[in-house]
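Please examine the structure shown below before reading on.

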Amino acid sequence: MKLSTYRYLSSRGWDQPLNPSLDSVNTLLICFGASDADCIATGLADLRGAFPRSIWTGCSTAGEIYGRSLEDHSISVAVLKFSHTKLRVASCEITDPGTSLQAGEFLANTLAAPDLSGVFVLSDGLSVNGSELARGLSQKLPPGVRLSGGLAADGDRFKNTWLLVNRTPASHQVVAVGLYGDHVGIAQGSRGGWDVLGPEREVTRAEGNVLYALDGQPALALYKKYLGERAAGLPATGLLFPLAIRNVHTEDGLTVRTILAVNEADSSITFAGDIPQGGYVRLMHANLERLIDGAATAASQLSFTDGATGPLLTVAISCVGRRLVLSQRTEEEIDAVVDELPPGSQLIGYYSYGELAPLASGRCELHNQTMTLTSFWEK
Amino acid sequence: MNTDMHTLLARQLRKLGLDAQQPPDAATWAKLLDVIGQHYQTADQDRYTLERALAISSDEMQALYQRQKSSYEARLRAVFGTIQDLIWLKDPAGVYLACNPMFERFFGAGETDIIGKTDYDFVSKELADFFREHDRLAMNKGGASVNEEWLTFADNGYRGLFETVKTPMWDDAGNLIGVLGIARDISARKRADEELVRYKDHLEEEVQQRTADLVLARNAAETANKAKSVFLANMSHELRTPLNAILGFSNMLRKDPQLSREQRANLDIINRSGSYLLTLINDVLEVAKIEAGRVQVENAAMNLGALVRDVTDMMRIRAQEKGLQLLLEQSADFPRYIKGDEARLRQVLINLIGNAVKFTRQGGVTVRIGLKPHDVRQHLLIEIEDSGPGIRAEDQQRVFEPFVQLGEDASQKGTGLGLTITRQFVQLMGGTLGLTSTPGTGSIFRVELPVEQVESTDVARPEIAGGGDIAGLAPGQPEFRILVVEDQVENQLLLTRLMKNIGLPVKVAENGEQALELFGSWRPHLIWMDRRMPAMDGMEATRRIRELPGGRDVKIVAVTASAFTEQRDEMLHAGMDDFVRKPYRFNEIYECLARQLGVKYIYTDAPAKDAVSDAMLTPERLAEMLAALPEQMRRTLHDALESLQSERIDNAIDQVAAYDEELHKTLSRLADNFDYPAILTALQTHQPET
């Protein structure tokens, strides 16, 4: 495998010349860009010129990670030219979160093959129920296929996200890339690092990923009470208090949910994934040191024992909620990840509205507020 | 660069391309201030958020805690308030830590007033000491300590018995918190227990009372029953006494050679009727005696073989008269010589076989005798099977009840006591009488008797009665004076005549006093003493005579109609030497004389020494003699016997006199004794060719 990473800044252009020799049908181009596609239109055009035959995937973000640095208004690109690994890409449109399960099943069915080793999925960040998407994919993919990915983001605006379909940004899309054969190596790691806060609360009313009431009280009122004057910044400030869902299987620990939108009319809150009615949740709050430790832990979970001696790319998908609370210290969690990675390996990534990663039990689930890492290499 | 510099400040400087050693230019400086300012602002916001979250969360937790606590406390209060037991908690020093409403009533104070105080503040020192002692006991024991105590409630004066359980309580660290007490009112339970005990006692009393009542009732019933039996016995006594005279005199009259044949026939009817009446009375009397518990079973060695043969021989005649077959099946192990009550056993056989013959119209009767097989203790088994009408299942028990007669045939005569007596005899002998019967097919009566076998030599040979009528005293004997003590003229007469007939001097006393007088003046050798007399009865008279000079030498023989055997002992005890029961056969009187005085007799028609007396006539000899008669005479005799008409029989027998005097006498004697079967048997033994 040959690997090149590039960064495009709207103000300065490419950090190094694009290498068209990497372009092939077995080349995977992963690209994370500012949600304001117009400001990076030139960069995307450059990429289309250099890598016309490659398999593309990419999405809008709430911050692009490139090595140890974090930028907005940029493009982070990794070009992986595989020697033995075959690639396929599948995509589908998603406008109604209620069809997320079917979308996941469709993509899984499209990619499924006996030699399928891994699937990297990127999805619209607003019009999808990430839990259902993950469930659809998990249910239909053959056992043992490594599934990870994330939801696209729109900074702290929650207005519009895009996916690259046919090398062009498009809204309401889910794109999944399948990696085939025994030669591709994939490692995964994911960790949050948030603390729980206050009493456990019963979900007294919820429908899918929309939460209405906790302990019989309007959920939005609770958030407003906790946020005080910062409630004005909803839904972004809602990221300060993610919800921890107590999983049925205690070994799976807590699943974290972040706010995507609020509805003043019915005092509801829409989350990136399901909130199970009758379940028990607790508010979470950030402890900066523990968030950074969490990122390092996620990196340490990556297992490179399987012949990762050559070029190695790690894709970091971290939650926008983390960036919100880490603020100027956000790059410290990126540093913490890079410090854990093998020397010479490369890192790109982005801040997302949700992460897809397996739980301890192996079931792939949508996460929020985590640092989720996926590494690729070829044996 | 200061290595201790905050990572964020270092990053901020680095991002602006600044060096800690080099002051920045104005523009960069402004930028630096800007990012630092921004961070302060963020930090403020974060702190605001965090502090706010902390405060709210803390409030929430507190509210939650209060809610939980009050709900828990409310539940606990409800539990403690609802429990009807007294519950309290004291620290190791005896200071109250908590109590429930029931306990408040005991002390007559509210929980708040009780907490912090000790028993000494509420009850007498004595009681408080007792409570404390109990507390210490539980603490020392390290476990529950239970006692019962009477407690008086301060609020309303209620006093009850309580079961108190005191248990030491420890906290998680193992420190003694105090003693938990629970007291339960057990007064009601105690009362119930006592009530139960009282009730049980009462019940026992009642049972005793009822039992006593029952015993009284049973005794009354028994007394009544006994009275009935005694009445029957006395009644039969009263009946037997005149019957004695009737039978005795009619018998005597028959000996008058001057009697016409018709007179003799009439006398025979009187005699037979009397005999039948006597049988009936004897049956009634027997039942009465059994019911009164006055029957004792003899147990002497006897010849069962002979007994069975005698009875079946006798019955065979009757059977043959009815055209029935009477078979006797004796098994090889049949015990010929046994110990038993011969008279009763004979009656049992006669009754059962007689019944079988009586009720069977065709077919026959089979008598089986043997030992019950596979028996630990030997049991004699006698079965009498007939081909009679049978007895319906519902009647099979009834037939053993007194006075029950089955069947429509009114001609069947009898008292209806036969089977009752039979069964009672069998039971008295320790055996059982059973019945299996199929209506229309026949019946089997089965007697099982425990039996003890003996040797033939143990069986006493019956004394052969002197043959012929006693004509008088044998010569060369002393003169025996005989005194008859009897209040009834008829019986005086009979006994007197019997004595005079053989030439014994006799005097009569009508009562005990006369008897004493005559004894003194006349010195009789033997006294016939009636037992029941007015003024002085036979027993008293006997006692008095025995006290007189020479009173011990005289023989006194009781003549009694009493039915009860045990009175014999009574009489012997009173000093009597012997007794004769009424109605008596003349020979019994003469035998008794012989027994007591050694009197010897001569017989009017005493056969020659080598002659054959009727008593000694064997059935074979009789049969031979009969066989020698002309055929017509035999047939007449046979028909007369079958007709059971005594006149016809007597006529037939009289015809024999002209032909064979000796045979005539024998037949007459047999007929007099109604032993028609013996004659019939002998007749049939040598059936002439027809």
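Contact means heavy atoms within 4.5 Å. The model is predicted, with local features needing pLDDT of at least 70 and side-chain atom pairs counting only at pLDDT 80 or more, while totals for chains, interfaces and linings use all residues. Residues are numbered from 1 along each chain as its sequence is written, chains are lettered from A and ligands numbered from 1 in the order written, and side-chain values use heavy atoms, without hydrogens and water.

## Sheet of chain A

Helices (H or I, at least four residues) and strands (E, at least two) are DSSP runs, numbered from the N terminus. An open sheet of mixed pairing has six strands in the order E6-E5-E24-E23-E27-E14 (chain A); strands pair if DSSP finds at least two bridges between them. E6 (69–71) and E14 (184–191) of chain A are the edge strands. The twist averages 20 degrees from one strand to the next; angles run from 0 to 180 degrees between N-to-C directions, with axes fitted to C-alpha atoms, for helices over the stretch in contact.

Helix H7 (residues 330–340) of chain A lies across E5, E6, E23, E24 and E27 of chain A, at about 145 degrees to E24(A). Strands E23(A) and E27(A) are antiparallel over six bridges, and Val315(A) has Thr374(A) as its bridge partner in E27(A).

## Hairpin of chain B

E11 (residues 432–438) and E12 (residues 442–450) of chain B pair in the antiparallel sense over seven bridges. Three residues separate E11(B) from E12(B) in this hairpin, and Gly440(B) in the turn has a positive phi of about 90 degrees.
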